[in-house]
Every structure is written in C-alpha cells, then in structure tokens.
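Let's take a walk through this one together.

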Amino acid sequence: MDALTHTLLAADVQNRGAAVEAYRVTKRFGALTALDEVSLKVEPGSFHCLLGENGAGKSTLVKCLVGYHPPEEGSFLVDGREQAIRSPRDAQRLRIGMVYQHFTLAPGMTVAENLLLARGDLPLRIDWRREKAALAAFLDSTPFRLDLNARVADLAAGEKQKLEILKQLYLGQRLLILDEPTSVLTPAEADEVLGLLHGMTRDGRLTVMMITHKFREVSAYGDSVTVLRRGKLAGSGKVGELTTQDMAEMMVGSAVSVATAPRRRAADAGRTAGDIRLAVDGLCADNDRGMPAVRELDLVVRAGEIVGIAGVAGNGQKELVEVLLGQRSARGGAVHVDGESYGATRAELRRHGVFSLPEEPLRNACVPNMSVAENMGLRDFDIAPFSGGWLSLRFLRRGALTRRAKEWIEAFGVRPPDPSAAIENLSGGNVQRAVLARELSGAVRLLIVANPVFGLDFAATEAIHRRLDQARNDGAAILLVSEDLDELLELSDRILVMSEGRIAHQALAGYVDVAEVGRHMAGGAGHGAGH
Amino acid sequence: MSETTDGLAFGSLALALLGGALRVSTPFLFVSLGECITEKSGRINLGLEGTLVLGAMGGYGVSLLTGSPWLGVLAAGLCGVLMGLLHGGLCSLPKVNDIAVGIALMLFGTGLAFFLGKPLIQPQAPMLPSVELGAWSDNEQVRSALRINVLLPVGLALAGLLHWAFRASRWGLALRLVGDNAAAARALGYPVVPIRIGATAAGGFLAGVGGAFLSLYYPGSWNEGLSSGQGLMAVALVIFARWSPLRCALAALLFGAAGALGPALQSQGITAGYYLFNAAPYVLTLALMAASWTPGQTLAGAPGELSFTQR
C-alpha cells in the first residue's frame, strides 16, 4: 500500500467511529483482582469518559481492550461482534489505538519521521518529497496543525500530545483510547486538543474513550461516563444526567464533597505575615541542555504562609527547586534564607531548618536499596544521638536509628511497618509517607515541596495536604510547586504563575481568577510552535 | 629573502600536514563511522580498539596466504563482524553493561590478535594499492602528499551514503528510532535487540576494515605496536562529531592532521619536542572531550538510549 492510498483510507473511506462493548471482563494479577466483572458500552461516534481514582482499574481495562494483557474472563464486542483481542496486533486490525500518558515519540527525530515510522510499511528508500506531500495532505484532512519538519524534542507538551493523536489517526484508528491526555497540558492546550477530538466525534468519524479524573473535562466534552472503583463498576450514565457530585460519590464510594475543596479565604490570607524566610533575587539557572531555564526570578516566602507556584511542566520549576535543594548550581542571582546567603550546603540546611519534599521522592530524596530506617536517618545520621562513640569517631548507632524509625512508621502509618525493609520495595504512597516523616518531624522553618501528591490516591493526598497545612499553621514558610492547579488553590496563601523561567503573574488566595492564571500558564508554552 | 624561505617552509609544512591527514585519517574514518552506526542504535562499543587490532592481524594474514590484499580487507571486516556479534550478543543479556563489555572485548581482541599474529611479524604480505592524485604536479612533495590509499575515497563515499541512509532509508530510520526511544520502537513493532546486534556487527565490520588499512597500507606491516589507540580515539571523535557521519569524516581528517604534526615538523628539520608533537592527537582528544562535554548537561543530538545520556 503506498503512502497516498494509505492517507486516503485514513481520511475518507474511514468515516465511521467504532462501537465497543465490554462484557463482564475480569483480570487478575496473582492474588489481586484488578478488574472484577466490569461491563461498559461505548456508542459509535461518542466521547466516552472513564473515571476513577488511581488503582481503580481504568488503565487495566483499556490495556485489556488494546491487547496488552488479555482478560481471564469476559469478552469484548466491536461493532456488535465478539472479538478475541489477544495482542496489540489484534487491536490494530480492529483499528483500536491507544495514546499513552507518557509520550512514545522519538525525541531526536522530526514530526514527519515519527509519523512515517508509525506506519510500519516503509519502502527501503524513502522519497521524502512524495511522503511529505502525502503527510501534508493527511494533516489537512484532520483538524490538527503541526510543523512536519520540527524536531519532537523542540515541541511543546500540547504539540507532542497532538502528534501522539495524529500517529493514531494516521494508522486509521476508529476508536481512540486516551490515558489522561491532559495531565501535562495547560488548560488552554487541553481545551484545544479535546475540542478538536470532540469535533471529530461529532462528524461520526471517530469514537473516543478517555481516562481522566478531571470532572471539568467530563462535563465539557463527554457524552457518557463509566466510573470504576477498586476494580468494580461503580456506575455509568449520560453526562447531562449526572452531576459532578454524583460522579465524585461513585468514584470515592462515599458522599465526600470533592467538587469544591475548601479554598483559602481572602480573610485568612490577610492575616499578619511573618518574617521573610526565603528570598530569591534575580536567580538564573540552566537546564540539562545548557539552555536558560530560570531567568532572573524573584520571589519571597514569609513565615507562616504557603506560596504556590503554578505552571506547565518545563517552564523552569524543576530547575528552581533543584537550585534551592542544592542539586543544581545557579548561573546568577542570589538566594537568602533568614537574611543569610544560602548555598544549600548540609550545614546551612541544618542551621536554617530547611526541609524538602521533592517530586519523585524515591529518586530525589531516598537511596532506593537502603532500608526505611536508614533513609529516615539521612538528615541526621551523622550527629548525636545517632552517631558518637570513642574518640569522636562518630560511629553509627543503628539501634537509635531503628528506634526512631519505628516511632515514625507508627505515627505516619508507613506500610509495611518494618524499618529494615529496602525503601524501593514500598509503594509510592508509603515512600512519600516515610520521606514526609523525615522532613516534617524536625523543627521546620522552610519547606520546599514539589508535586507532593503526584500518583497518590485520594486518602494519601488528603493526609499530605493536612500535614502541609499544619506545618504552615505552626509557622513554617512553604514553597509549593505543583502542576495541579486545584491543589494550589486549595493550599496556597499566594499563587505565583511561572512561565518561561519567570514569574508571569501573581494572585492572593481568594482573589485568584482561574482563567487569568490559565492564560499566564499558557503564555510560555505556546512558543514551541515556531520551531 | 628570509621571508620567502619562511613562506616556503610554511607551505611545505602545510603540504606535509595535508599529506599526513590524508594518509593517517583512514582508520579514524572507518572506526568512527562504525561507532557512529553502533551508537545511533543506542549502544556504545568501546571494544573497537580490539576489533581494529584483530582486523589488522586477520587482514594481514589472509593477504599473505591468498596473495590478495582485497581478500585481506574482507577477512578483516569479517573479524570485525564476529567481534561485533559477540558484543551485541553479550549486551543483549539482562543487566549487562555495554561499556564494561566493550572494555573486556578491547582487551580480548588485542590479546587474541597478538597470540594468533606471532608468525606474521616477519613475512611481507602484498599491500593495498594507492591512487596518484598528484600526477599532474612535477613537485615531488605535492605528489607524495596526494598519493592516497584506495580505502580513503571509499570511506568518504561511505560517510555520504550513511548521511543519506540515516535520513531517507527504512533501515536508517528504524536504527535511529531504536537508538532514540527503545520503548516506542518496541511498541511500533520494530525488533530492538536484533537491530542493535546488527548495528554493532556493521560497526565491527568497518572497524575491522580500518584495521586492515593499518597492516596493509600504512604503516603496512604487522606488529604489536601497530595501533596507538586509534580505536579509542575514534569513539571520542564520534561524540565530537555529534553523531553525524559527515562531521565524522571532517573530524577524522582533523585527527589525521594532528597525528601527522610530529613527522611533518621533523621533515622540516624541527626535531625539538618530537615526542611532544606526536602526542597531539591525544591532547586533541582530551581538549575536545573537555570542550564538548559540560557537566550537568546532555549533549544535543545524542541518541536518547545511550547509557551516558540516561540520568
């Protein structure tokens, strides 16, 4: 099949979305039942949302559907006919395609090369002029716009997401499954991508099934919704007939109000602010590629307040946090803590009571193959009472470390409650709890936090948010960097928006205009298109 | 008067450097192109130094036995393929590090070549022919500088071919995909491990051919001091060339010129610091690595799957 007919097939002949049904699908991993007799029905040409908490079985269900791990029991019907989907190849034959949460693109190659490689039937010699013309024609047949010659590494996150979707459309898929497609996008980018997909379902050309946990996206774009909880079907229905409250209750299984988490009130934010704990002046830092990532950034965090930094990933937040934690050297500017010059040395961290919850704690805050007790002692294993002995040789006192670890494991509910277990064998939530115990049990004066609840479930998220709030009320200064705007709105006294390495906008709690924040978040990310 | 002699001396020095670059650069060229193919697939083969020496020995031996230097070149390439397959195969086992395997194979290759090559030290094998590009000139120095070996144009053409193939052939695109994002390649159904083994074998072939140049053209004999680290320097050269075959060719000429600095100065009567100038390629390697490698940064253009770009 040559490139042109392929494109024509993708664009014209293929004008109906697929209808898909799952019937009592069960999937077990060892003793764990990940999916328990789940049934769902997706109408042809509809936009179907799959809601649920982390670990509810959403990903497992769609992975069954695309043949990654076939289910033990139950069946799938495509266009009313039962189909055995035993491998991704079977799914491809039925024109079911999946867009994953993480990008599966080759960053060093161009948009055109990535699309062509996805096709899989390349000629030995590639006639780029003809292929590019065919690809341009294909792009014209979709609502998506991308520069074919751009290198993927230079694309903004929203453009990468579009390319992932285009890859699937290029393969002529009739059912597109998206796994939390907007988790790395700005609100504006998310609206654009979902709006375009929604438009394609309105034409009847495509059926979309989207995993999400954002109610806003469900109400704005979804036709129908299926909610999973702990591997079981918790409910389903048409979007117009279910309220956000209904869906939230199905998701968490109780009448907890999650729609409007308590946001800080303006009056609360106006209380007397304390002394300046952290002052950043004109900070500059480079990213891993040597390009400027933080540009002349100024900010101040006072005692007893949480300053939230919003922004789309990749606008310098990671580099800022790394400089403040001593993981990266600044190229210019100054950082002061308690009025003293600060270079994140161990002595300074200790003197000023600086603690941190970096993102990916297993990588950034732990030594994976050391025990929980040892990891809990990383801050103070070298001072009394955990080290000491003859001739000031500072022998490690394992007994003291283990005793304290046991107390913290108890207080913070770390599972399994075994101080000698290697920390890499704990689940993500328990690693976070162990780090939390280490970082919040001391006299915290300044706390630097980055995406603290990423990948955690509802209960763990609540617990961490409560502890952050407690630390603030006890007088700590907290810098909270998060990609989750809701989290920032819920916790912060002030919100700063970071875009292209600078503070683009700032707002006090209670006076935050979400649309305004979204616009400033998008300000930097829109640039990538020009490359 | 003295200005003219200075000018003449400078001209003949430049000519000697050019001649040296054209003469010495061929092994750099072949080894770096081979390493370029291997690294584009996401693996580093540090064993090419051993492959080079083994290829030199094998090529010399077969040329001696058959009387055909071209069969020698082929045999050298096949020695390289075997070494490449060994490296590729070992690295495909779980939890095997490609750099460690490379160092082991470097020692294995040189040791094996020394062991098998003992009887080849005395006899004289038939050499590869050269091409007289300087026949138009009546200046002996120009003719000597432009007397190039046949492998050099082959290597330069190969650099052009690889540049095209990486961009516009099925093999090239698949190779780059595997080296850039193995998970994506697997998801698209490209066989990651066979492609990497194939790329390492192809890289080995070229390194072996580079070795045949050493024993069958310049210096043109087999002995244990034949290679002076060209195989290792070529690896550094690939990084300096940012994984582009065309830049590999330029860098190989630059390294060749650096290698010719000592002999060229000596031919001009400057003997002071001869050994110091002979060290020029090594100094150049160090300087280039220091210049192109800043800590805390990943290199632009580096294949995403290389073990040193993973953090």
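This is a predicted model: local features need pLDDT of at least 70, side-chain atom pairs count only at pLDDT 80 or more; totals for chains, interfaces and linings use all residues.

Start at Gly308(A), whose bridge partner in β21(A) is Ile495(A).

In chain A, 6 strands line up as β16-β19-β20-β13-β21-β22, making an open sheet with mixed pairing. At its edges sit β16 (354-357) and β22 (502-508) of chain A, each pairing on one side only. Neighbouring strands in this sheet are turned against each other by 20 degrees on average, ignoring direction. Lying across β13, β19 (446-450), β20 and β21 of chain A, you'll find helix α11 (residues 317-324) of chain A, which runs at about 145 degrees to β19(A).

Elsewhere in chain A, look for Arg174(A) in the loop between α6 (157-170) and β7 (175-179) of chain A. Is Arg174(A) buried or exposed? With 22 other C-beta atoms within 10 Å, Arg174(A) reaches the cut-off of 20 or more, so it counts as buried. Arg174(A) also sits 4.7 Å from Gly17(A), C-alpha to C-alpha, although 157 residues separate the two in sequence.

Next, the nonpolar cores. The largest has 169 residues, and Leu33(B), Ala56(B), Leu237(B) and Cys248(B) have the most contacts inside it. Helix α9 (residues 192-216) of chain B gives the largest share of this core, 14 residues. Another core, of 73 residues, lies apart from it and includes Val280(A) and Ala437(A).

What about the place where the chains meet? Here 20 residues of chain B are in contact with 21 residues of chain A. On chain B's side, α7 (170-180) and α8 (182-187) each supply at least two residues, and α7(B) brings the largest share, 5 residues. That side of chain B splits into 9 nonpolar, 8 polar and 3 charged residues.

Finally, a word on confidence. Chain A has an average pLDDT of 84, and 90% of its residues score at least 70. Within chain A, strand β20 (residues 477-481) does best at 95, while helix α10 (residues 266-269) is lowest with a mean of 48.

Definitions and conventions:
Residues are numbered from 1 along each chain as its sequence is written. Chains are lettered from A and ligands numbered from 1 in the order in which they are written. Two residues are in contact if their C-beta atoms, placed from the backbone, lie within 7 Å. Helices (H or I, at least four residues) and strands (E, at least two) are DSSP runs, numbered from the N terminus. Ala, Val, Leu, Ile, Met, Phe, Trp, Tyr, Cys and Pro count as nonpolar, Asp, Glu, Lys and Arg as charged, and the others, Gly among them, as polar. pLDDT is the predictor's confidence in each residue, from 0 to 100. A residue is buried if 20 or more other C-beta atoms lie within 10 Å of its own, exposed if 12 or fewer, and partly exposed in between; C-beta atoms are placed from the backbone. A nonpolar core is a set of buried Ala, Val, Leu, Ile, Met, Phe, Trp, Tyr and Cys residues joined through C-beta atoms within 7 Å. Two strands pair if DSSP finds at least two bridges between them. Axes are lines fitted to C-alpha atoms, for helices over the stretch in contact, and angles run from 0 to 180 degrees between N-to-C directions.
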